Amino acid sequence: MGVNISAKDVNELRQKTGSGMMDCKKALVEAEGDFQKAIDILRKKGQKVSEARSNRETSEGIVLFKLNSDETKASILSFTCETDFVAKNDEFNSLAQNILDIAFDNNLESIESVLVSEIDGSSIEQLIIEMVGKIGEKIKISDFKVMDGEKIVPYIHAGSKLGVLVSLNNTGNTDYVTAGKDIATMNPIALDKDQVDQSVIEKEIEIGKEQAIKEGKPEQIIEKIAQGKLQKFFKENTLLSQSFVKDNNLSIKDYLETFSKELSIGGFIRVSIG
């Protein structure tokens, strides 16, 4: 004879776990009324849902940041899901904020260290699995980065799917917040050419040579042409050399000098979804 599960029991389990009414009832029936067993069953269901959706794309979600009071330390997080509907869900957003708070307050520096951290006795990884079980979508921390600097300017673009942290040095009496937010509209691969990965440089030289050969250029000038194309690549893709979006006659380096000769960029972190 089956255990009689009351609507009160179902509602109490729903309040504790946030799972749907039918899921809670099924879990309580399976657990023969034992609340802890029912919670474990719901967690296992979340795990199964998570595994079943592990290959799904998470191209929606939110990017959010946290900055300390003196603007010298910041963390930025992208918390992703499958649909825009879930990205606007209050519970999804609340969990994202809680995760960021824990990560920031405990000086965590990697996704791995965030996932094993706890909120009210449950690991963040487990809480994400439980949310997957309730919502039925793949959910994950897609990116998490930290920055230290003299003055950090954070910026979240409209739609909350793109966020940037800009670290500025020698800010003095300049309007560094305006400078930082303007710079945050850029999309560089590195701060300057010295910070471009060697593998990227080699690839660009190879592409430049292949293009020159296809254009029938003389063999003795192919290397020179490839080097010229590489310099153009640096100009277009490294932050200090890129053209300022509000005035293409200025590079970002030139733009900084309109505030102060000493104002410089210490770091640039860009986190995007989709």
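T238 is buried, with a relative accessible area of 1%; buried means under 20% relative accessible area, exposed over 50%, and partly exposed in between (1.4 Å probe, protein chains only). The model you are looking at is predicted, so local features need pLDDT of at least 70 and side-chain atom pairs count only at pLDDT 80 or more, while totals for chains, interfaces and linings use all residues. Residues are numbered from 1 along each chain as its sequence is written, and side-chain values use heavy atoms, with hydrogens and water left out.

Where is T238? You will find T238 in the loop between α10 (222-237) and β8 (243-244). Helices (H or I, at least four residues) and strands (E, at least two) are DSSP runs, numbered from the N terminus. Leaving aside neighbours within four places in sequence, T238 is in contact (heavy atoms within 4.5 Å) with P188, A190, L191, D192, K193 and V196.

Next, look at helix α2 (residues 21-30). This table sorts some of its residues.

| Side of α2 | Residues | Relative accessible area |
|---|---|---|
| Buried | C24, A27, L28 | under 20% |
| Exposed | M22, K26, E30 | over 50% |

An α-helix has 3.6 residues a turn, so residues three or four places apart point the same way. The cover over the buried residues of α2 includes α1 (7-17) and α3 (35-52). Just after α2, E32 takes a positive phi of about 55°.

Of its 25 residues, F79, I99, I128 and I141 touch the most other members. Helix α5 (90-105) is one of the elements that give two or more residues to this core, and α5 gives the most, with six. Apart from it lies another core, of 17 residues, including V166 and L256.

Finally, three strands form an open sheet in the order β6-β7-β10, with antiparallel pairing; two strands pair if DSSP finds at least two bridges between them. Strands β6 (151-156) and β10 (264-272) stand at the edges, each with a single partner strand, so one side of each is left without a neighbour in the sheet. Strand β7 (residues 162-169) pairs with β10 over eight bridges, and G163 stands opposite V271 in β10.

How values were computed. A nonpolar core is a set of buried Ala, Val, Leu, Ile, Met, Phe, Trp, Tyr and Cys residues joined through side-chain atoms within 4.5 Å.
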